[in-house]
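This report walks through one structure, from ground rules to details. Keep the sequence and the 3D view open while reading.

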Amino acid sequence: MKTNWLKRTLVGVAVSTALLGTVAAYSQGAGFHHGPPTAEQMAQHEAMMLAHIGKKLNLDATQAAKLKVLADLFVAQHTPQAAGTDPHAAAKALIAGNTFDRAGAQQLLNQHVAKMQTNGPAIINATGDFFDSLNATQQQQVRDLAAHHHGFFGLGGMGHGGPRGHGPHGASAPAGN
């Protein structure tokens, strides 16, 4: 019983990550060529993604509301902690000197891990609420979508950006990976 719950939770998180990865990427500014998006741009993009996913899965109003909660949590997870904080500038600062700023890198990692630990349970619960609200056909569509996107999380060769995934802006990974 415990194994089934864990498996369902991990599959739910994985699928939600696959569905909403684009929203998270845009919240970091990766999808915009002129710097991080404005709040209005983010809201427009999120609305487009939610409409697309809702149409693809034929979501009812309750399911769409659960997906919106999940999307909002993903956006919040990937939004810089302090207003005016530029994650790209923080990363550039690590290599600005003659040596790599290991202490600065560790501090950025610690901040990210703390945010994940704080927000993770809500994301897991929202993912479970959304996935569990889907009927069997919709759940299979989500599984198929996750399989089509080479897995999830972008780790270990799975997902966009992994060795067997796709690079930035849909470019294929180099052959032989």
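## Ground rules

A polar contact is a pair of N or O atoms within 3.5 Å; within protein, one must be able to donate a hydrogen and the other to accept it, and residues adjacent in sequence count only if both atoms are side-chain atoms.

This is a predicted model: local features need pLDDT of at least 70, side-chain atom pairs count only at pLDDT 80 or more, and totals for chains, interfaces and linings use all residues. Residues are numbered from 1 along each chain as its sequence is written, and side-chain values use heavy atoms, with hydrogens and water left out.

## Overall make-up

The protein chain has six helices and zero strands. Helices (H or I, at least four residues) and strands (E, at least two) are DSSP runs, numbered from the N terminus.

Of the 177 residues, 28% count as buried. Buried means under 20% relative accessible area, exposed over 50%, and partly exposed in between (1.4 Å probe, protein chains only). Contact means heavy atoms within 4.5 Å. Among contacts between residues at least 6 apart in sequence, 58% join residues at least 24 apart.

## The largest nonpolar core

A nonpolar core is a set of buried Ala, Val, Leu, Ile, Met, Phe, Trp, Tyr and Cys residues joined through side-chain atoms within 4.5 Å. The largest one has 14 residues. Leu57, Leu59, Leu67, Leu70, Phe130, Leu134 and Val142 touch the most other members. Helices H2 (39-57), H3 (61-78) and H5 (102-133) each supply at least two residues of this core.

## Helix H3

H3 has 18 residues and reaches 26 Å from its first C-alpha to its last. That is close to the expected 26 Å, taken as 1.5 Å times one less than the number of residues. At its start, a side-chain oxygen of aspartate 60 comes within 3.1 Å of the backbone nitrogen of threonine 62.

Gln63, Leu67, Leu70, Ala71, Phe74, Val75 and Gln77 are buried in H3. Seen down the helix axis, the buried residues fall within an arc of 155 degrees, so they line one face. The arc is that of the directions from the helix axis to the C-beta atoms.

## Glutamine 63

Glutamine 63 belongs to H3. Its relative accessibility is 5%, so it counts as buried. Its side chain makes a polar contact with the side chain of glutamine 138 (2.8 Å). A polar atom of the glutamine 63 side chain also lies 2.8 Å from the backbone oxygen of serine 133.

Not counting residues up to four places away in sequence, glutamine 63 touches Asn58, Phe130, Ser133, Leu134, Asn135 and Gln138.
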